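Subject: Structure handover

Hello,

Here is the structure you were expecting.

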Amino acid sequence: MATTTNGMDVGSIMQRLTQSQDFDVFLLDQLVAAAYDPMSPHRADANKALMQLQGIDGMWQKADAIMEKSQNPSARFFGLQILDDAIKTRWKVLPPDQRDGIKSYVVGKIISMSSDETVLQREKVFLSKLNLTLVEILKQEWPHNWPSFISDLVGSSKTSELLCENNMLILKLLSEEVFDFSRDQMVTEKVKTMKESLNSEFSAIYHLCDFVLERSQRPSLLKVTLQTLQRFLTWIPLGFIFQTKLIDILINKFFVEVMFRNEALDCLTEIGCLSDLEPQYDILFCQMFASFLTRLNDIFTPETDLAPAYASGTENDRLFLQKLSLFLSGFIKAHLKALEGSPDSHQALITGLFYLVRISEVRETEIFRICLEAWHMLAEDLYKSEHPYSDSSVLNGSANNRNIMAMGNAASPRKYLYSPVLNGVRQVMIANMAKPEEVLIVEDENGDIVRETTKDTDVIAQYKTMRDTLVYLTHLNCEDTESIMLSKLTEQVDGSAWSWNNLNTLCWAIGSISGAMAEDEEKRFLVTVIKDLLGLCEQKRGKDNKAVVASNIMYVVGQYPRFLKAHWKFLKTVVNKLFEFMHECHPGVQDMACDTFLKIATKCKRKFVTLQAEENTPFICELVDTLPSIISDLQPHQVQAFYEAVGCMLNDRGPAVTIDRRGILAKLMELPNRTWSVIMEQAKGNVETLVAPSTIKEIIKILKTNNRVCGSVGPLFLHQLQVFFLDMLNVYKVYSERISAAIAQQGAIATQMSLVRTMRSAKKEVLRLLIVFIDKSGPPEAEPREVAKGFIPPVLDPILGDYKRNIAGARDPEVLTLFATVVEKLKSNVVEDVPRIMEAVFECTLTMITTNFEDFPEHRIRFFEFLKAINQHCFPALFNIPPQHQKLVVDAVVWAMKHTERNISDTGLEILHELLLNVGRSPQVAQPFYRSFLLTLIQDVFSVMTDRLHKSGFKMHATLLRLMFHLVQMNQVTVPLFDPATQPPGQTNPAFLREHISSLLITSFPNLTRAQVARFVEGMFDIKMDLPTFKTHLRDFLIQLKEFSAEDNSEMFNDETEQAKLQQEQARMAQRSAVPGLLKPSEIDSDL
């Protein structure tokens, strides 16, 4: 055994500490010293020994000796920790004399340590821990067994300032424990009792605080008293705040002193944020606010520029500004109406808001976000009072809304009150605008312009709030917003305020108010903005400068599709500029150019495919002619986005579109088709060329491009797919054979080889392209019947055969998605193919996914989606498969229903519901199905419903049970569900099912009485019950079970909760759509 420095080993020390009558604190010191010394070779053994000591019953009785005699600070903390653990876990079982002994010792130790200044300073950390130990005792004992605690504490506080300071700390800890941290540690009743006791005894606490604040000259005591008071202010009776001199003392005595300013401000913030009080308090809040601003004016005026002061200030100054932002923001949110309602307070209100504007100008994220909450509330509130109809669900940007805007602007007394402040708020919002999600170019920590790699969710959330605020502010005074933006833009163009940040924030702000102006105002504004930005782009030199200007042009134009649709020349100029940006060597610029082009193509598609004024041909014709040169510098993923954008344009087949869409699609796909032809020609000469890694990667790129075009162009893609469809299936076949051969030679490990993985990627791309094509198929070019006849038969053999033959690890889950999509889209047109599809994928996939609940997660969910599609759209096919497969289908559904993953169990329940409905509509299969499966299905649903892991599926459990029980009760099940040989003559299905379920429940849940079960079962057969009543009946029964009675059963009310959430979301969206500009252009469905 390892030895300590004095030659004794850890084992020997442990033996003496645990077996000796006298506990040797010196030995414990040695053990602790070794445990806390990172250089000690015995550290691990010593730590283990300490943990063993901590677990010894009765060790807490040595805690006082350890704390009194130990020379090692860590050993004293160890002793206190042991005592702490005993108080938390064993207090109730200790005899009263031992409990009193611990109380007396802890109180005595605290008093002795906090009565001597030298000891207090030296033992500050230990005393803090001891205070927490006392609070742990209080949580157990007070108020019932220690009713005099508060009065004792208050009494002793008046004898010594040192003792009083520590007592204040104890009160602060007690308040925090009772009101903030106790939720998970104490039962509700106990917390309630402690709160009531603190409330009833607060008079004594308040008088102590008042006594200290009036008389003490000790700064540390005054600080801790203010901190303690702040903890109590949110819940104490209001009389202590408004019927005493408290507010006056805080403002006029402590707020004015630099040393106490922050603590006083914390107290004032707690008071200022009290809301929903009786109207008689409004005048008192107004007086408090005026008095506060008078004193604040002595520190700095509302005209002071705080940004440089904050940058060069001390940590305390910065903290003061943050706390001041919390006070002003909180006070205004809580008492805006009270300050507005009193004409005498108008000046104070405006002054307070000017202070908040100055604080908002400080470059500190947290302070700005605090201020932003107040500005958002104020702007929204003002907008709603100006536009009383804004809650109605009018369409975004409609004529109705414009009329409402005009009506609102007619009468605006509130707007005029705030207008001087709102100009400052607009300036602040525009200067600090957060980065929108669409902008991909950022400045890194080295000051370089780079492509963004990760999204900052905090910034995105801040942008959304700022965007809404600026939209409201624009509605309140469009001219002011426009004037500020254009003057800032002039400063960028003439260089007087040029910087990346200034241009970024300005352009992000300009983009964020899309839709908030009337169309003619927007036109005038944007013409200036876009011209100036394009000029700036020509004027600036340097890669990074150009990248910043380019990203801003692209962001702004992408946000104003309404303007672009109405002004073809601008649209054409913008798109040609985007094509220029696609040649910039900055990856972020190229990405944004492709993204913006896609966005504009989606929103303005008709402009590109119809003949515009002063043009010879539609723009798309020129585009496909010059396409090779436009995309020559783009990366593969950017090329794919470009092709998707052109596909979006070709998707428009409105009556005004007269172009040869099929011919243009062929022209568009010339480049990838040419590359494909070259690869196929080489393969004809030597098939080995197909498995060269570079060729496989080229094939993947071509397939991805086709995939993107197919997704955007829709059914028209049929003509392009016909060009290379059979070749593509042959490529799939070659890769399948090569992968199978590699697995045959090297086993399952072959699936991890680089070449095999690349070939599998190519196979997946083939499957994904077919999935998208089937999903997008439809009239006029790709009728379901034609697709089913022309494309499905050739697909079956290479894809299904490969799936069935392969080992589990080499089967692609996309195959299941493909055939689920085939069944879902082509419906009865493929009903004859379903048995063949099922024969290939059903059993082998089921074997993969039913071994456990974890392996092959993708196959798992996609398999059940495939089954769900067959059940919904090709139900007759389920009974054209062998009977043993029919049983497998039902078993698979039950297995899904019992799965612990919610999406799979939900899918299983939905399939079963649809299956039962389909069976009920098919007389030729219904009775045999009921005979084979109905009874076991009822038992399985009961089993899942009474399993606590499946509470979220409760609505569907109820739906299924109601359906099955009512089938039996209404005699729709004519075959016997029982063996007639074992049942008395005249036995009926309803009677048998009653008995069967009753005995099942009594056996499974012995805590239920026969009467409870009988009542429950009788209700199950009541055909008058609608679904909500039936759910209530089931819910009441489940809560009677032991398993559910002590649990949170809120998940069983999910259906009702989700319905309420849906209604709230719909109301929110209706409100937002009623305010022009609040919905982003991408959220508005107007894509022509």
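What follows is a short account of what was found, from the whole chain down to single residues.

Please keep in mind that this is a predicted model.

Overall make-up. The chain has 1088 residues, and 53% of them are buried. Its secondary structure consists of 54 helices and 2 strands. Along the principal axes, the C-alpha trace spans about 100 × 95 × 75 Å. Of the contacts between residues at least 6 apart in sequence, 74% join residues at least 24 apart.

The accessible surface of the chain is about 47800 Å². Carbon and sulfur atoms account for 52% of that surface.

Core. In soluble globular proteins, nonpolar side chains tend to be buried together. The largest nonpolar core in this chain contains 369 residues. Phe 597, Phe 819 and Leu 961 are the members that touch the most others in that core. Beyond its neighbours within four places in sequence, Phe 819 is in contact with Val 795, Leu 796, Ile 799, Leu 800, Ile 837 and Phe 866.

Annotated span. UniProt, in an unreviewed entry, lists residues 46–112 as "domain: Importin N-terminal". In the model this span is 78% helix and 0% strand, and its end C-alpha atoms lie 32 Å apart.

Ile 111. This residue sits in helix α6, which covers residues 96–113. The C-alpha atom of Ile 111 is 10.0 Å from that of Cys 164, although the two residues are 53 apart along the chain.

Pro 143. This one lies in the loop between α8 (124–141) and α9 (149–157). Pro 143 has a relative accessible area of 13%, so it is classed as buried, the cut-off being under 20%. Which residues does Pro 143 contact, leaving aside its neighbours within four places in sequence? They are Thr 193, Met 194 and Ser 197. For Ser 197, which is 54 residues from Pro 143 along the chain, the C-alpha separation is 6.7 Å.

Regards

How values were computed. Residues are numbered from 1 along each chain as its sequence is written. This is a predicted model: local features need pLDDT of at least 70, side-chain atom pairs count only at pLDDT 80 or more; totals for chains, interfaces and linings use all residues. Side-chain values use heavy atoms; hydrogens and water are left out. UniProt positions are given in the numbering used here, feature names are shortened, and annotations may be inferred rather than shown by experiment. Helices (H or I, at least four residues) and strands (E, at least two) are DSSP runs, numbered from the N terminus. Buried means under 20% relative accessible area, exposed over 50%, partly exposed in between (1.4 Å probe, protein chains only). Contact means heavy atoms within 4.5 Å. Accessible areas come from the Shrake-Rupley method with a 1.4 Å probe; for residues, only the protein chains shown count as cover. A nonpolar core is a set of buried Ala, Val, Leu, Ile, Met, Phe, Trp, Tyr and Cys residues joined through side-chain atoms within 4.5 Å.
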